[in-house]
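Trainee: I would like to go through the charged side-chain pairs here. Please show the sequence and the model.

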Amino acid sequence: FTIFSKYELNISNSLNYHVVESNNFSHNYERKEADNSISLKSNLLGLFNYYVGIKNQVVDFNSYRLIPSLGFDFSVSDNLSFQASYNQNYHYPTLNDLYWEYDGNAKGNPELNPEKGYSAELGLNINKKYKSTQQSISFTLFYSQIQDWILWQYNFDDVLNQMIWFPENLRNVERKGIEVSFENIYKSNAF
């Protein structure tokens, strides 16, 4: 809903109940999840949009950290805009990651920790309109850092005395780069 005519407040809640019944699990596993979030969006002078948000995750009735996010976009003109965002991340291991029963090739790891980290982006968008064509090009710099990243690796298991797929938490993972996208839209009045 909209507060005054300048602010938009979004409140959301999602509830999920997961039950896994599989030959690859020694017994059925379940997980109860709730995501609660609130965010505020606004526009200043018709040029600058921003948002701030906070999310709380609850898994199996255990409340975990508050996860903030914020961002903005700024229109210099109809043809040029900038945007930036920052988000914290928290990702729980899947039930497969935790409890996959040894099947001769792989097994889960009930000792996994949740992944946690942050990500940031900075972008530039350029748009140009012609009579029947609209073109846009976007450049986005991104950076993220994740602790306890979960990765399935093919390793030697000392207990089984063989190579198997097994999920593990890696110490730190850093992702960075640039993403470039180009779009060309042609509109025809021939039909």
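Trainee: Which residue meets Lys107 in a salt bridge?

Mentor: The model is predicted, so local features need pLDDT of at least 70 and side-chain atom pairs count only at pLDDT 80 or more, while totals for chains, interfaces and linings use all residues. Residues are numbered from 1 along each chain as its sequence is written, and side-chain values use heavy atoms, with hydrogens and water left out. A salt bridge is a side-chain nitrogen of Lys or Arg within 4 Å of a carboxyl oxygen of Asp or Glu. At 3.1 Å, N to O, the partner of Lys107 is Asp157.

Trainee: Where in the chain do the two residues of that pair lie, and how many residues apart are they?

Mentor: Helices (H or I, at least four residues) and strands (E, at least two) are DSSP runs, numbered from the N terminus. Lys107 sits in the loop between helix H1 (95-99) and strand S7 (115-129), and Asp157 belongs to strand S8 (residues 133-157). The pair thus links distant parts of the chain, with a separation of 50 residues.

Trainee: Is Asp157 buried or exposed?

Mentor: Buried means under 20% relative accessible area, exposed over 50%, and partly exposed in between (1.4 Å probe, protein chains only). The relative accessible area of Asp157 is 11%, so Asp157 is buried.

Trainee: What is the closest N and O distance between Asp35 and Lys55?

Mentor: Lys55 counts as partly exposed at 30% relative accessibility. Asp35 is also partly exposed, at 22%. These two form a salt bridge, and their closest N and O atoms are apart by 3.8 Å.

Trainee: How many salt bridges does the structure hold?

Mentor: Among them is the pair of Glu33 and Arg31, at 3.5 Å, N to O. The total is six.
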